[in-house]
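Please work through the following exercises with the sequence and the model at hand.

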Amino acid sequence: MNCKEAILLMHDHLDGNLNGPEAAELKKHLGTCSGCRERYAKLDKAGALVSSLKPVPPPSHLTTAFIMQGLPAPAKRIVWMKWVRRHPAASVAAIFFVVMLGSFLSMWNQNTDLVVHGDMEQLVIRGHTVVVPEGKTVQGNLIIENGQVEVNGKINGNLTVIDGNYALASTAQISGDITSVNQAAEWIWFKVNQMIALFTK
């Protein structure tokens, strides 16, 4: 028998669960191995110490009700958290809307570059001013962001001016609507409509 096997059998022997040839082998090993003999003596002493301890009854006032009374009150759930758990789809949609609104507002405040969408071949651009020259016709919608528009010619579509202004000459002809977007809320509504139009095409 080696030391590892002896250590495993020591606990059974101390509990009185080891009999027969295994008990004899353990005794033989303990007679020849001083390390295991020392370990066995320590285990035997610890077991005797534990057996000598007497259980102490708890104080009479220490009842289940007393213990439960000492525990902190459960945290109150916030009403809106319950609503979020009951309506996960609406919660996600609301969060998406808030994030999109925040990004649109930051874009509104930061973007100062001139942006032109439309028939570029018919336009003359000078700095932040876009000119539709007299005698020229822009086919389709014309959208100008962060600039001035001078219409001397013709636009076969809508004219939308975002964060800017427009001037119409007496020769100007616009077959569609003229929309001027100068407030963040109007700009957001315009962008949402643009996205909806892209998805519905």
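The model is predicted, so to speak of local features a pLDDT of at least 70 is needed, side-chain atom pairs count only at pLDDT 80 or more, and totals for chains, interfaces and linings use all residues. Residues are numbered from 1 along each chain as its sequence is written, and side-chain values use heavy atoms, with hydrogens and water left out.

**Exercise 1.** Determine where confidence is lowest and where it is highest in the protein.

*Solution.* Begin with pLDDT, the predictor's confidence in each residue, from 0 to 100. The protein averages 82, and 87% of the residues score at least 70. Next, compare the elements, which are DSSP runs numbered from the N terminus (helices: H or I, at least four residues; strands: E, at least two). Confidence is lowest in helix 7 (residues 184-200), with a mean of 67, and highest in strand 7 (residues 154-156), at 94. Where pLDDT is low, the predicted coordinates should not be read in detail.

**Exercise 2.** State how many helices and strands the protein has.

*Solution.* The protein contains seven helices and 11 strands.

**Exercise 3.** Classify the arrangement of helix 2 and helix 3.

*Solution.* First, take the axes, lines fitted to C-alpha atoms over the stretch in contact, with angles from 0 to 180 degrees between N-to-C directions. Those of helix 2 (residues 20-32) and helix 3 (residues 34-52) come within 6 Å and cross at roughly 110 degrees. Helix 2 and helix 3 are therefore roughly perpendicular to each other (65 to 115 degrees). Finally, identify the contact (heavy atoms within 4.5 Å): helix 2 contributes His29, Leu30, Gly31 and Thr32, and helix 3 contributes Ser34, Cys36, Arg37 and Tyr40.

Terms used:
Angles under 35 degrees count as roughly parallel, over 145 as roughly antiparallel, 65 to 115 as roughly perpendicular and the rest as oblique.
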